[in-house]
Amino acid sequence: MPPQVRLKPNRERSVQQRHPWLFSGAIAQAEAEPGDVVSVRDSKGNHLAWGYYNPRSQIQVRVLRWGDAPPDEAWWQAQLRRAVGFRAPLLADGRTTAARLVNAESDGLPGLVVDQYGEWLVLQALTLGIDRQKGQLAEMLLEATGARGVWERSDDSVRGLEGLAEEAGLLAGAAPPEEVVLLENGVRFRVDFARGHKTGFYLDQRDNRALVGAHSAGKEVLNCFAYTGGFSIYAGLSGAKHVTSVDTSQPSLEVAVENYALNGLDAEQDEFIVADVFDLLRDYREEGRTFDLIVLDPPKFAYSKGQVEAACRGYKDINLNAFHLLRPAGLLFTFSCSGLVSPDLFQKVIFGAALDAGVEAQILQPLWQSADHPVRLSFPEGAYLKGLVCRKME
Ligand code: SAH
């Protein structure tokens, strides 16, 4: 008998609806070791699906494969190949060389994130079940993509929830150089594999960066939470009159300056400010500074339900001040990457910010994560990045 997990009565519905998570409260009994691939059974013992098990996690089982056949090597290979194939059109014309190849649950591979940067892959194993298989998965990825090496960046704190320590280093093939230059819509960015955030770059904002570029000609732009200058470079290349980039991280802004040079832009013409956005917006408001276009792309504020209220206060604060700084007809590109803050709630917060700022504004369009970060219909939790393009009416 394979290792197995039996559900409590009437708890099989989510599995039948293809949701990949089973929480501890749904599980009656487990005969399995941590990290095992288990047969998930209903309360009567009927097999439903295969998943991997971790009693240390709140999410005790993540379903891999529905139906009778267990997830064998050919299945893993097929899952990876499908995910890689879905991204082929994005990478086809060579103007974009970096993409998320595997988006975890939404690509049918819970806990596995793989990003491509040209010839190199960066892998995050976010769960015990994936951590067990990561060496083999890395080899399969080399085969599926023709990449030269797979570098691990499993130094995400969510691994703590699985009882795992943070890890980074070479998994398969050759070690990548410390830095590479990626192309995104023909724009160049330097990526530092060892120290960069996440796997090195915020690939999920690709389309939104292009959109900011499309609105930037002749504008005075304020890019808040600028990291390595993503939105700033697009604005500059599209003919923005002046761009101010703000981040608390000096090393990130130093890379932003290098990225200016990589794209033939003159960093001397623009401004790079190491500051806390919350404070700086307040200072600018007191000074009466104004802008035509403001980007607010803060880090995740809410990691648990208990943090949602405080997160919303944070969003309101920066958006309220941004509305003050906008000139009439000015545009605000405002984002939240907190999955627990729904698009509806986010829009309400932005409304509250405008109201308190005494500003009338319109939504021009909603925004979300780029298409290489798809959301599986059975897994709405996969939608985390949301944004709004707002225009100040007067
Ligand atoms: N917009 C960027 C990604 C932003 S990530 C892009 O397109 O690539 C969030 C950034 O916010 C990080 O670089 C982090 O250093 C910065 N940050 C976090 N808290 C901050 C704060 N209070 N003030 C300014 N920057 C902050």
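Ala-174 sits in the loop that joins strand 11 (167-173) to strand 12 (179-184); strands are DSSP runs of E with at least two residues, helices are runs of H or I with at least four, and both are numbered from the N terminus. This is a predicted model, in which local features need pLDDT of at least 70, side-chain atom pairs count only at pLDDT 80 or more, and totals for chains, interfaces and linings use all residues. Residues are numbered from 1 along each chain as its sequence is written, and side-chain values use heavy atoms, with hydrogens and water left out.

- Ala-174 counts as partly exposed, at 32% relative accessibility (buried is under 20% relative accessible area, exposed is over 50%, partly exposed is in between; 1.4 Å probe, protein chains only).
- Beyond its neighbours within four places in sequence, Ala-174 contacts Trp-120, Arg-148, Gly-149 and Val-150 (contact: heavy atoms within 4.5 Å).
- Trp-21 is 153 residues from Ala-174 in sequence, and their C-alpha atoms are 35 Å apart.

**The ligand shell**
- The ligand is surrounded by 15 residues, and the closest are Arg-209, Asp-247, Thr-248, Val-277 and Asp-297 (a residue is near if one of its heavy atoms lies within 4 Å).
- The shell holds eight nonpolar, three polar and four charged residues (nonpolar: Ala, Val, Leu, Ile, Met, Phe, Trp, Tyr, Cys and Pro; charged: Asp, Glu, Lys and Arg; polar: the others, Gly among them).
- A polar side-chain atom of Arg-209 is 2.7 Å from a ligand oxygen atom.
- Asp-247 also places a polar side-chain atom 2.7 Å from an oxygen atom of the ligand.
- For Asp-297, a side-chain N or O atom lies 2.7 Å from a nitrogen atom of the ligand.
- Alone, the ligand exposes 590 Å², and the protein buries 89% of that (Shrake-Rupley method, 1.4 Å probe).

**Ser-252 in helix 6**
- Ser-252 belongs to helix 6 (residues 250-262).
- Ser-252 is buried, because its relative accessible area is 6%.
- Ser-252 touches His-197, Tyr-227 and Thr-228, leaving out residues up to four places away in sequence.

**Helix 9**
- Helix 9 (residues 343-357) has 15 residues, which at 1.5 Å a residue should span 21 Å; its end C-alpha atoms are 21 Å apart, so the two agree (expected span: 1.5 Å times one less than the number of residues).
- Its buried residues are Phe-346, Val-349, Ile-350, Gly-352, Ala-353, Ala-354 and Ala-357.
- The buried residues of helix 9 pack against helix 8 (308-325), strand 18 (326-336) and strand 20 (386-392).

Technical notes:
Polar contact = N/O pair within 3.5 Å; in protein donor to acceptor, adjacent residues only side chain to side chain.
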